[in-house]
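Reader: Can you walk me through this one? Keep it quick.
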Amino acid sequence: MSLGSVPLKYKVSIDREQCMHCMRCIDNCSYGVFHREDDRIIIDSRKCTACHHCISMCPRDAITLKERPVDYRSHPLWTAEAREDIINQARSGKIILSGMGNAKPYPVIFDRLVLDACQVTNPSIDPLREPMELRTYLGKKPSRLEINKKDNGDVELLTKLTPNLKLDTPIMIGHMSYGAISLNAQLSLAKAVEKTGTFMGTGEGGLHEAIYPYQKNMIVQVASGRFGVDINYLERGAAIEIKIGQGAKPGIGGHLPGEKVCQDVSCTRMIPLGSDAISPAPHHDIYSIEDLAQLVRSLKEATEWKKPVFVKIAAVHNAAAIAAGIARSSADAVVIDGFRGGSGATPKVFRDNVGIPIEAAVASVDQKLKDQGIRNKISVIASGGIRNSADIAKSIALGADAVYIGTGALIAMGCRVCGQCYRGMCPWGIATQRPDLVERLDPEVESEHVANLIRSWTLELSELMGAAGINSIESLRSNRSRLRGYMLDEGTLDVLQVKPVGA
Amino acid sequence: MCGIIGVIDRKRALMDGSSIRDALSLMNERGSGEGAGYAAYGIYPDYQDCYAIHVFFDNLVEPKSQVDHMLHKWGRIVHQEAIPTYEQEGLKRSHIPWRYFFKPYSDLMAGSTTPEDDVIKHIVMETNSNIQGALIFSSGKNMGVFKASGWPEDVANFYRIEDYKGYIWLAHNRYPTNTPGWWGGAHPFNLLDWAVVHNGEITSYGTNRRYVESQGYTCSMFTDTEVVAYLFDLLGRRHGLPEDIVVKALAPPFWDEIDNMPEKEQKLNHAIRLTYGPALMNGPFAIVVATHEGIVGFTDRIKLRPLVIGENEDRLYISSEEAAIRVMDPDVQNIHMPRAGEPVIGRLNV
């Protein structure tokens, strides 16, 4: 017997009185929700992903969309999602694929942390009138300075500093590869980080020639598939990042379907046209911490010790111990990607169930490094689910040096978090390689949107710091006494080393 | 608020405590009668090779026997006595101030280049964290801190401060918000040779505290000022940096200023900020720090608290108020105000 169809996820309708039959919705929907029969626009709601492209382009605001138009019998355990997943898997016998970040309603720790402000006993600082320093250096720092003070008062610096990455704001854009996202999307991000004096990651997709002009703002990635990696690539980057894990899918590798591997992607990744790009779960030359240290050193040797090397790991239970191991290598920064981190394509069971929140991971990594007296040996970059400037301020107060944003930057370019990135049909021209869709995204316009987002968050961060009586970002870093936990349990407060509100 | 004042005689001529008491009392507007204190260097010439350990005991039974026991393990008590005090009407006696003159054994601390200092630091941290009813509030050689809850003149008269003669004096008049009525919360704060008086509130306290704690210090005084003493001990003693560099680490120039410095200076300041970012102190403050070699006064990077300097031949005065300096020395010359973050250094010149 047939399982029949599962109910519609979304119901699209057109206000026929408002509609002027311009047919833009038909052109705009890459998923084929709309088609034309004679003079009428016919709607196939089953194809809708709630990407909002038709809605945002409709000149008459005639389109409405409703989520879950059909009710299931309500049940607290057997949710509609649980039932649908089973029906789909009964049909397919396959792993369920998903896009974007963790979609389970776990409590958000960020939302249960509040920031401090000054009154009376110490004045708040007005960023409009006083200097406010957000400049951030990523890389190893000496544990102490050796200087020689000569009799004539001259001070000679004996300690030699290793190269650090200089950021005008502690906000960077995380690694999203060409392949996962379009060249126009990557170009927009590259122009935005150049405008705002910060950096972005290439992801494991190589560096397309069109991005070369922005290479001084690029962090090139070496992941387990080693796609796109050669000496030319390494030398072009401002820094190199070894990707060990990703918050959306700790413990597994990556998969770019062959359909997305067009001529250009194939050249940039250095793989055959139309072939699946499969990154293995572990690096095949890293089976223990010393192997990682060797790879860090090899990359440093290859680039003459001129470039910082980062290591990115997914936030898992023992992230702190792993970070302590990484700090002992020649690596300059450890990126911790929390379990809400985004992804172009991830098995749903991983996205929703594996890993820990970035808030707890950053706090425990910072603490472990301090306990071992090696916090100066490495910078800590937090990523995964950072939604606004308050999340950034809280991440830094919990111990991060800087953050990576990903989904936030995509939303600034139009993304509505429909979560269908793995299908390659993104109507916003972001997670697609289809030329007609990519063309929709104008790098000049979208780079300004992304730059504006970074500027706004930087401004808000200055205001938050000023209100807290802090005029330099290093005084916010790991300053847990300026945070309070609201309705957080004792165990979590203990991990975060934050007092409850009122204490 | 809070009023601070410090003085050094660069030729090591001794001053008794009466004039600094009068100067501090002049700044009573800046206090609330809940805390005042004095630190003086050169006051124990007869025991100058011993660490003078000042302790507040709640009673002389359990806490004292524990401290005695610890001191016996770590070294030799050369002399001990109650610190002489004189009842004052306006001052409630909460503790018994006691002093030990102590010589630590130098072969007990492994892996240290300054074993005696490290023994003392260990004893201070242990006592203040783990022995109930005992608080070591002064632990340097040939120097001592005298403090209590009360108005400056009452505290001074309680200890009869004019009986002590020192070549460096620091004093502090407290307006508490965090820990009123607690003797340990009064300034100056001291560890080993370092004494600190502080007017302000350190907004970077959480960052600074986690930094010094990762370097082996334990913050136990419930106030931000103690991290200043530990930061000076860490950077000045353990890292061997001169005091002007320590001040540059704690209140560094802004990046815009650093970017415009000549190359060599730029490199140095860049290195200081990168290395000592977690030591940077933010928020409003004016601070005077002393060691047996001199005093350093400085403010936060945007000078949210006042600091005034005056000189008269070998004497250098640093204070919250010009009027206070004039009480100590009516003929004072060269009164001026240092720029934000600029260290004012008075070194012995003998």
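Reader: Which side chains meet B:D244 and A:K149 in, a salt bridge or something else?
Author: The side chains of A:K149 and B:D244 meet in a salt bridge, 3.1 Å from N to O. That term means a side-chain nitrogen of Lys or Arg within 4 Å of a carboxyl oxygen of Asp or Glu.
Reader: How many salt bridges between chain A and chain B?
Author: Seven. Mind that this is a predicted model: local features need pLDDT of at least 70, side-chain atom pairs count only at pLDDT 80 or more, and totals for chains, interfaces and linings use all residues. Side-chain values use heavy atoms, without hydrogens or water, residues are numbered from 1 along each chain as its sequence is written, and chains are lettered from A and ligands numbered from 1 in the order written.
Reader: Which elements give two or more residues to chain A's side?
Author: β8 (147-149), β9 (155-157) and α10 (358-371) of chain A. Helices (H or I, at least four residues) and strands (E, at least two) are DSSP runs, numbered from the N terminus. α10(A) gives the most, with three residues.
Reader: How many residues are in contact?
Author: 40 of chain A with 39 of chain B; contact means heavy atoms within 4.5 Å.
Reader: New topic. What does the barrel look like?
Author: It is closed, with eight strands in parallel pairing: β11-β12-β13-β14-β17-β18-β20-β21 of chain A. Strands pair if DSSP finds at least two bridges between them.
Reader: How many bridges join β11 to β21 in chain A?
Author: Three, between residues 171-175 and 402-405. A:I173 has A:I405 as its bridge partner.
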